[in-house]
Amino acid sequence: MPQPNFEYKRALALGDKAFEALVTTKILEIVPEAKLAWTNYTLFLKTSDGDMQRVTNYLASTYGMDNIDINQVGEEYAIDFM
C-alpha cells in the first residue's frame with residue numbers, strides 16, 4: 001500500500017485550503033476540462049468515466065485507496081479524503 005507522499009503531508013499540515021488547492025491543481029493537470037467543487041471536505045468532480053479512472057489511479061497511487069472513498073452521485077463523483 002503506498003504511503004501518502006511528502007507533498008500531501010505538507011499540504012495537510014498547512015490546512016484545509018492548501019490541501020484542497022493541491023488536489024484541485026493535480027486533478028486539473030490530469031483532466032483540464034473537469035468541473036469540480038469542494039463541499040465540507042468532499043470533492044465533487046464531474047468528468048467522463050474514462051477520465052475518472054485516470055483520476056482514481058492517481059489518487060490511489062498518491063494517497064492510497066485506504067485514504068479515499070469515491071462514490072458516484074448522479075452525474076458526478078464524490079471523493080472523500082480520510
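Trainee: How many residues apart are Glu20 and Lys17 in helix H2?

Mentor: A helix here is a DSSP run of H or I with at least four residues, and a strand is a run of E with at least two, numbered from the N terminus. In helix H2 (residues 16-30), Glu20 and Lys17 are 3 residues apart, which means about one helical turn lies between them. This is a predicted model: local features need pLDDT of at least 70, side-chain atom pairs count only at pLDDT 80 or more, and totals for chains, interfaces and linings use all residues. Residues are numbered from 1 along each chain as its sequence is written, and side-chain values use heavy atoms, leaving out hydrogens and water.

Trainee: What do the side chains of Glu20 and Lys17 form?

Mentor: Side chains of opposite charge can pair when their charged atoms come close. A salt bridge needs a side-chain nitrogen of Lys or Arg within 4 Å of a carboxyl oxygen of Asp or Glu. Glu20 and Lys17 form one, at 3.7 Å from N to O.

Trainee: Is Glu20 buried or exposed?

Mentor: Buried means under 20% relative accessible area, exposed over 50%, and partly exposed in between (1.4 Å probe, protein chains only). Glu20 is buried at 13%, whereas Lys17 is exposed at 66%.

Trainee: How many salt bridges does the whole structure have?

Mentor: The search finds 3. One of them joins Lys46 to Glu75, with the closest N and O atoms 3.2 Å apart. Lys46 is in strand S2 and Glu75 in the loop between strands S3 and S4, so the pair ties together parts 29 residues apart in sequence. Another joins Asp51 to Arg54 at 3.1 Å, within helix H3.
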